[in-house]
Amino acid sequence: MDGVRRLISLADRRRGFMKSVAVLPGVENSVHLVETPKPSVEEIDGGRGVLVKVLRVGVDGTDKEINAAEYGAAPDGFQFLIIGHEGFGVVEEVGPAVRSLKKGDFVVATVRRPGTSVYDLIGTNDMTTDDTYFERGINLRHGYLAEYYVDDEEFIVKVPEGLKEVGVLLEPTTVVEKGIAQAYEIQRRLRVWKPGKAAVLGAGTIGLLATLVLRLKGLEVITFGLEKGPYLNSELIEALGATYESTKEISVVEAAEKLGGFDLVFEATGFSPIVFDAMQALAKNGVLVLSSVTGGDRTVEVPADRINLDFVLGNKVMVGTVNANREYFEMGVKDLSQASLQFPGWLERLLTHPVKGLENYEELFKNLTNGIDVVKVFCEVA
Ligand code: BGC
Ligand code: ZN
């Protein structure tokens with residue numbers, strides 16, 4: 001045992017150490033810096049290791065919940081969890097079997113790693129039915145808010161150099177891509193489905209990106225936020241040719257009564273009671289996509305008979321969506337590319353709050369406390 005430990009530490013010393021931002025899961029507000037051995041491509045089997053130098057990492061509500069000790073777990077054998085799941089970096093070294101990537105490529109890694117269900121076995125970890133799941137930077141696996149990380153080639157997606165300024169937006173984009181792709185997949189039941197009008201509930205990062213992806217598909221989009229416009233997010237929505245509405249002025253149900261129901265509704269507010277409004281705002285044959293991870297235990301009274309009747313008589317669907325697999329990262333790369341041509345400069349405007357250096361993790365979290373005009377908070381690691 002001692003011999004093994006000594007061998008590891010000699011190897012670690014040769015490779016050197018790196019800084020990371022970590023939390024102690026279960027301990028509130030425990031975010032801190034840690035020093036850990038720099039990872040190496042040899043940690044990954046079959047020569048498929050890819051060592052990535054981290055350039056930028058975005059943070060979101062999930063990181064906030066993890067630091068509030070409401071969510072997240074450390075990997076086996078560790079007391080701390082290195083956070084960060086919205087990474088963007090550059091390949092520094094590849095193992096001998098790696099074919100799709102080379103040193104200097106810009107990349108983003110997926111978040112969830114395989115479990116044991118049949119869905120994991122066929123490579124669709126985002127659809128796992130396991131109770132425990134493994135997510136880098138979130139649950140049982142270290143994340144990307146570090147100087148380096150290493151992973152299997154299978155989980156690393158190449159980003160074209162032309163997107164390097166906005167590559168940090170890829171992971172949140174994939175959450176939207178999966179939800180919308182699932183909606184379209186479900187709607188194949190209709191043989192012919194020509195969605196005209198969509199509603200996006202929530203004007204935060206996910207709501208903005210959902211508005212973008214639906215506009216790229218040519219839908220007419222109304223995005224609902226809390227604040228009265230104009231402010232940054234409402235301007236960003238209008239720059240896409242979508243309409244912004246404040247729920248202080250009109251609810252999604254009232255909008256549906258006035259304009260007709262929505263063929264697709266994407267819910268991204270984090271406020272679960274609005275789901276029942278969204279159900280009432282759907283058009284016949286419509287599809288409602290739910291993406292908010294709501295950790296609380298809120299209850300609410302709803303017109304159950306009416307909602308149920310309209311769902312039954314209108315052949316409506318509601319689907320939950322979480323995480324995203326490699327295919328949605330690839331879709332995200334395409335949509336971000338199209339967005340940068342169709343709406344030049346728009347994605348850059350989402351990068352509102354850069355924080356320089358891992359050591360400024362406190363500022364990173366301070367910026368996350370929802371103010372108006374905050375879209376994406378991210379760390380410039382290198
Ligand atoms: C991440 C997803 C993850 C989900 C639940 C989100 O913030 O972007 O990848 O599956 O949290 O942990
Ligand atoms: Zn996230």
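Which residues make the nonpolar surface patch of about 520 Å²? They are Val118, Tyr119, Leu121, Ile122 and Met127. Before I go on, note that this is a predicted model.

Isoleucine 122 sits in the loop between helix H3 (118-121) and strand S8 (134-136). Its relative accessibility is 62%, so isoleucine 122 counts as exposed.

Next, the ligand. Around ligand 1 there are five nonpolar, three polar and four charged residues. Among them are Tyr71, His85 and Arg112. Threonine 62 has a polar side-chain atom 2.5 Å from an oxygen atom of ligand 1. For glutamate 135, the corresponding distance to an oxygen atom of ligand 1 is 2.6 Å. The protein buries 93% of the 310 Å² that ligand 1 exposes when taken alone.

Now the salt bridges. Side chains of opposite charge can pair when their charged atoms come close. The whole structure has 18 salt bridges. One is between arginine 56 and glutamate 165, with the closest N and O atoms 3.5 Å apart. Arginine 56 is in strand S3 (residues 49-59) and glutamate 165 in the loop between strand S11 (156-159) and helix H4 (170-186), so this pair ties together parts 109 residues apart in sequence. Arginine 56 counts as buried, at 13% relative accessibility, while glutamate 165 is partly exposed, at 42%. Both belong to a network of salt bridges that also links Lys356 and Glu380.

A second salt bridge joins arginine 136 and aspartate 151, at 2.8 Å from N to O. Arginine 136 lies in strand S8 and aspartate 151 in strand S10 (residues 148-152), so the parts tied together are 15 residues apart in sequence. Arginine 136 is buried, at 10%, and aspartate 151 is buried, at 7%.

Definitions and conventions
Residues are numbered from 1 along each chain as its sequence is written. Chains are lettered from A and ligands numbered from 1 in the order in which they are written. This is a predicted model: local features need pLDDT of at least 70, side-chain atom pairs count only at pLDDT 80 or more; totals for chains, interfaces and linings use all residues. Side-chain values use heavy atoms; hydrogens and water are left out. A residue is near a molecule or strand if one of its heavy atoms lies within 4 Å of it. A polar contact is a pair of N or O atoms within 3.5 Å; within protein, one must be able to donate a hydrogen and the other to accept it, and residues adjacent in sequence count only if both atoms are side-chain atoms. Accessible areas come from the Shrake-Rupley method with a 1.4 Å probe; for residues, only the protein chains shown count as cover. Ala, Val, Leu, Ile, Met, Phe, Trp, Tyr, Cys and Pro count as nonpolar, Asp, Glu, Lys and Arg as charged, and the others, Gly among them, as polar. Patches are made of residues with over 30% relative accessible area and no salt bridge: like charges are joined within 9 Å, nonpolar side chains (Val, Leu, Ile, Met, Phe, Trp, Tyr) within 5 Å. A salt bridge is a side-chain nitrogen of Lys or Arg within 4 Å of a carboxyl oxygen of Asp or Glu. Helices (H or I, at least four residues) and strands (E, at least two) are DSSP runs, numbered from the N terminus. Buried means under 20% relative accessible area, exposed over 50%, partly exposed in between (1.4 Å probe, protein chains only).
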